[in-house]
Amino acid sequence: MKHNLRKHLSLSKLGICVLSACASIPALAPASSLAPVNTDKTATPAKSRPVLLTGEVIAKDSQAILVPPSNSSPVVLRNFVAEGSQVKKGDLVLRIETPNASNLEQLEISMQQTRAKADAELAKLEVTALDAEKNLLTAKAALAKSLVDAALPKTQIAALEFDKYQAEKERSERDLQVKQLAFDDAYTSINRKKSDADLELKKQEININYLKTQLTRSEVRASQDGYVVHGYSNWRSERLEEGSSAFPGNTAGQVIGSGQMEVRAWALEADRIYLKEGQTVGLKFDALPGTEVMASIESISNAPEEHNVWGYGRYFRVDIKLPAQSNLKLIPGMSVLIEPAQASKKISEKSTSQNKELTLEGEIQSRNITSIGPPSIPYIWQYTLAQIAPEGSAVKTGDMLAMFQAAEVPNQLASQKSQLNEKLRALEKLKLEQTEAEKAADLAVAEAQSNAEKAARKATMPKELIRRVDYDKLVIEKSLNSDLAAMSLRLRTTQARARKAEKTGLETEIAMLQGKIDVLNKGQKALTVTASKPGMMIYKSNFEGEKFAAGSQVWMGLSIASVADPDKLFVSAKVPEAQSTTIKVGQSARITIPGANMTVPARVTGLGNVFHSKSSSQPIIVRDIELEFDQMPKGLKPGAAVQAILASSGIETATTGTAKK
């Protein structure tokens, strides 16, 4: 807020240091280094020059509505509760547009794909393990047979046969060791794959939970009962409404609770020594000329901090408790002049202007506005404004308002469709291959069962009719083929599970690609913005203050224009804080419309719920007022500049004021 330099000069002659002014006057900067900082709450203030503090009224139990964090900036405000609306604890008051919803869906599909892929790979490893087990059984059977031959006495067979049986035994033992190692490795691979799959699924689950948390954080809910007050955009110097563009971390508004107010001031380091908790101070309000309230300092921060809005120095935060029976109509944002009681002087004189009227600059606005901006397409951050309806033109429902272009969208769409067609062909081929594989698995089972039956019949031959060595081998063959028949059933089941998992994985990939295509198709259609209801086009400005036009580059989440309802018009004006006390609801006024060369009667219908800075370039504290025409004139357009002349029995002003730098 700008200060009146003449006021500070006159106050300095009285030996008074205005803190916010001292922060911006280089000649006084050394005082901060010369004066010791006393943070002892029980210490007695030093007897020296009196000090003045500037502060503002704040709601004691207010909840700041902060724009939620986002990976993109700026963001579009959605579901923003109307100003003045009563909300209950837990009610949704604000949400931002975020691509996390579509990303979450893609991650959930990706998790299904990972699970299907892991199941397919595990099933394939189990098939490999069953093959290794089959080879191990065969090796054990071969060793058992070789042991039968190797057990024959050397004296009963030829030396060549004996050496042959012994060599076969040694070979079978070595082969069994190899098969045993392969079997162990197969099951080790299964366990390792299970562990890797669990880790990957856990990682994706963490990502999903993170996105869910982000989605939850993209909403702001009331932490208490109260009413909603909207904030202001420092960039565009306009009230934040539904559909407005804002930056993450900025204050979009407040939820005012019980309405208890207190005063917060900021004291320079050099002046901390003159203040203490419990100290009595006098409060004077710019918006309430001639009113002075005695209060006490409730708390002082333990360490100084930067407060760039106030000045360039380092400040202690000073909270001042208002008396319970003050009966003042205080509004958050009011400027306050704080003076310690022992240094109280009469520095404010109330005067009444002889001017019976107050003239304010205003603007015609609509109560029903729809913001226009580019769609939120995942991973598309910048758009080109190809076409836009003429400013001030009347649009009907369904008319084209704006057309955006994003070269990445058709390219990504073509790429995703190509991949989808490829996956669809692969799925058809896989189905044919799996049908043949099922038939082959059934044949393998039938063959194994047939071999088991043959081996069992051979083993039933009388023991006396064949050699003992041959009989023992038949028994070994019977046991081996019986195990192989049982294993073939397990193998068929495992192979079927592997085929199902492979098919599921491919179908999941297709679903993921189809989801991406659906999002891109929806985004491509949304590149052309049409009017949902009739109204009038009003352009907005970019970061450089220039109005958007065809060819402009637009960031995602940025509002480029709005459609205003011309049948619901009112006048919005800002009254300086020191003169706001003269404005009452129902007060008569005249609206001068320079463009139409007419003056029409109107009345004040609303006062802003907070005081705020007029703009970043004009940081004077003001209060919003709304005026409605007694009879709506024809030909008015939203956005037109007007003058509001308010009748008053006496415009009260103050010779002193407080302001934020």
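Predicted model: local features only at pLDDT ≥ 70, side-chain atom pairs only at ≥ 80, totals over all residues.

Trainee: What is the average pLDDT of the protein?


Mentor: Start with the share of residues that score at least 70, which is 85%. Some stretches fall below 50, including residues 344–354, with 31 contacts beyond near neighbours in sequence, and residues 649–661, with 62 such contacts. Over the whole protein, the average pLDDT is 81.

Trainee: Which residues have the most contacts inside the largest nonpolar core?

Mentor: That core has 35 residues. Among the elements that give it two or more residues are strand S2 (51–59), strand S14 (280–285) and strand S31 (598–613). As a general background, nonpolar side chains in soluble globular proteins tend to be buried together. The residues with the most contacts inside this core are Leu 283, Val 318, Ile 320 and Ile 338.

Trainee: And how many residues are in the second, separate core?

Mentor: Look for Ile 388, Leu 401, Leu 430 and Ile 510, which are included in it. This second core is separate, and its count is 34 residues.

Trainee: Which residue in S25 is the bridge partner of Met 403?

Mentor: Strand S24 (residues 400–405) pairs with S25 in the antiparallel sense, over three bridges. In S25, the bridge partner of Met 403 is Thr 528.

Trainee: Which backbone oxygen does the side chain of Ser 393 reach?

Mentor: Find Ser 393 in the loop between strand S22 (382–388) and strand S23 (394–395). Leaving aside neighbours within four places in sequence, Ser 393 is in contact with Gly 535, Met 536 and Met 537. At 2.6 Å, its side chain reaches the backbone oxygen of Pro 390.

Trainee: Is Lys 194 buried, partly exposed or exposed?

Mentor: Lys 194 is found in helix H5 (residues 159–217), and its C-alpha atom is separated by 9.5 Å from that of Glu 121, 73 residues apart along the chain. Its relative accessible area is 39%. Buried means under 20% and exposed means over 50%, so Lys 194 is partly exposed.

Terms used:
Residues numbered from 1 in each chain as written. Heavy atoms only, no water. Helix = DSSP H or I, 4+ residues; strand = E, 2+ residues; numbered from the N terminus. Polar contact = N/O pair within 3.5 Å; in protein donor to acceptor, adjacent residues only side chain to side chain. Contact = heavy atoms within 4.5 Å. Core = buried A, V, L, I, M, F, W, Y, C linked by side-chain atoms within 4.5 Å. Buried < 20%, exposed > 50% of the residue type's maximum accessible area, 1.4 Å probe, protein only. pLDDT = per-residue confidence, 0-100. Pairing = 2+ DSSP bridges.
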